[in-house]
Amino acid sequence: MTEWIGETFTSDAGWSHLTELVDAGNRMAGSEGERAAAEATRDALSTHARDARLEPFDIQGWERGSSAISVDGEAVAEADREVIALPRSPDEAVSGRLVDVGHGLPEDFAATDCEGAVVVARSDVPDWYDRYIHRREKYYHAVEAGAAAFVYANHVEGMLPPTGSVGTPDEPIGAVPAVGVASETGARLVRRYEGEDLTISVDCATPQATSQNVHAEIGPDTDEAVLVTSHVDAHDIAEGAMDNGAGTAMVVEVARALAAREADLDCRVEFVAFGAEEVGLVGSSHLADERDHDAVRAILNCDGVVRGRTLKLYTHGFDALDAAAKRVADRFDHPITTTPEQGPHSDHWPFVQWGVPGVHVMSETDGEGRGWGHTHADTLDKLEPRTLREQAVLLTELSVELASDAREIEPRAPEEIAAALEAQDLAEGMKIVGDWPYDE
């Protein structure tokens, strides 16, 4: 039966939900907007799946005020197109000499005296470097080096200061004030003030708050399940269309398509739209802590889909997941890129780190890093309904593959995941930010 393919190509379920999410306003973790988006996602899933519900959990909230960079009491950057606080920065004002650590590589920090300094680091890495360095790793290198404050300068031009959280699960409010600045602002600060004293000021509130995960189910009522996931929260400075409204819209569209293919499912498919991803994978960690990992056949996590037309899948060394993706690509004569590399920066990871089979689904894009993601430019006009529908067809078929009893998907030992992280040179960064879960 192929009617579901034509229905997916003419469906507006996913795209309509995406527009509802981006029009919900601020979807910061713990906000009223995140709650409204979760409720809308629950209602959208209830049209196609059973037992649609919200499951709340407590979080450390964070509410943005104003931020500024000043010299001798005079602001040199304060407009929100120049400088914004990084979520979970402490509410504080500190001063120190400006130190430029370039790309913020570990060796850059080792070669630089950062004690008491305001450290500025770019958001990218040089072409010759062998791995991506996450924002939080650069932040905690600065903290360990004794920095008084951290300035994260975007490498993407266009007056787009980047956002992204700091802090750890144990200490969710970061150790020193942290701001993101536009590429142009960062260049100006270094040119004019390197070696001089300046002040970083962050105004914010840190109330206790509540987030929630959205759940719904389809298929036979088996103990074992395939999880098809996304995250519904977004940073408060933009619409959050790419990160990650599109992923949640994809979950809704796949649920609609699978409702027509329920007879093809050999195990339960559970749809989960996590809350509080952007502040440390809090919602997915909450579920992973309470869920029996042996009952999760696989997790298919949509975070970064629709941004480009070709899907890119991180399969984390699970050969069966790679093979399933390639079967789908061959069946539809449509490209899907796979890589066996580990990707520890989205909601699949609290499961995959313990050996649960998992795929991080995103899109191939030009350039390095998030591009417009985590900036004011993460808006709906960058995306196309055609791409969402095409990718929904592929991911629906992949969901059926993973839910088939004919496809055996073996978990991996946590020691294997740890060794793979070491081999990719990711362990050092995870350890410095407090994300390394394995015993030494």
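A quick word on labels first: helices (H or I, at least four residues) and strands (E, at least two) are DSSP runs, numbered from the N terminus. What you have open is a predicted model, where local features need pLDDT of at least 70 and side-chain atom pairs count only at pLDDT 80 or more, while totals for chains, interfaces and linings use all residues. Residues are numbered from 1 along each chain as its sequence is written, and side-chain values use heavy atoms, with hydrogens and water left out.

**Stop one: helix H5**

Select residues 135-144, which make up helix H5. Eight of its 10 residues are buried, so the helix is largely enclosed by the rest of the structure. (Buried means under 20% relative accessible area, exposed over 50%, and partly exposed in between, using a 1.4 Å probe and protein chains only.) To colour the buried ones, pick Arg135, Arg136, Glu137, Lys138, Tyr139, Tyr140, His141 and Ala142. What sits over them? Show helix H4 (106-110), strand S6 (118-122), S7, S8 and helix H13 (427-432), which are included in the cover. Then step just past H5 to Gly146, where phi is positive at about 90 degrees.

**Stop two: helix H6**

Now go to residues 183-193, helix H6, and highlight its buried residues: Ser183, Thr185, Gly186, Leu189, Val190 and Tyr193. Look down the axis of H6: these buried residues fall within an arc of 165 degrees, so they line one face of the helix. (That arc is taken over the directions from the helix axis to the C-beta atoms.) Just after H6 comes Gly195, with a positive phi of about 85 degrees.

**Stop three: salt bridges**

Side chains of opposite charge can pair when their charged atoms come close. Here, a salt bridge is a side-chain nitrogen of Lys or Arg within 4 Å of a carboxyl oxygen of Asp or Glu, and the structure holds 32 of them.

Start with Arg64 and Asp236, whose side chains meet in a salt bridge at 2.9 Å, N to O. Arg64 is in strand S2 (residues 63-71) and Asp236 in the loop between strand S11 (225-231) and helix H7 (241-259), so the pair ties together parts that are 172 residues apart in sequence. Arg64 is partly exposed at 26% relative accessibility, and Asp236 is partly exposed too, at 22%.

How far apart are Arg256 and Glu253 in helix H7? They are three residues apart, which means a separation of about one helical turn. Both are buried: Arg256 has a relative accessible area of 14%, and Glu253 comes in at 0%.

While you are in H7, find Asn244. A cis peptide bond joins it to Asp243, with omega at about 5 degrees.

**Stop four: Glu401**

Select Glu401, in helix H11 (residues 385-402). Buried or exposed? Glu401 is buried, with a relative accessible area of 6%. Its side chain makes a polar contact with the side chain of Arg407 at 3.1 Å. (A polar contact is a pair of N or O atoms within 3.5 Å; within protein, one must be able to donate a hydrogen and the other to accept it, and residues adjacent in sequence count only if both atoms are side-chain atoms.) Setting aside neighbours within four places in sequence, Glu401 is in contact (heavy atoms within 4.5 Å) with Ala324, Arg327, Val328, Arg331 and Arg407.

**Stop five: Ile173**

Jump to Ile173, in the loop between strand S7 (149-153) and strand S8 (178-181). This residue is partly exposed, with a relative accessible area of 25%. Beyond its neighbours within four places in sequence, its contacts include Gln60, Trp62 and Arg88.

His316 has a positive phi of about 55 degrees although it is not a glycine. Look for it in the loop between strand S14 (311-314) and helix H9 (319-332), where His316 is buried at 0% relative accessible area. Asp425, also not a glycine, has a positive phi of about 65 degrees. Asp425 lies in the loop between helix H12 (414-423) and H13, and is partly exposed at 31%.
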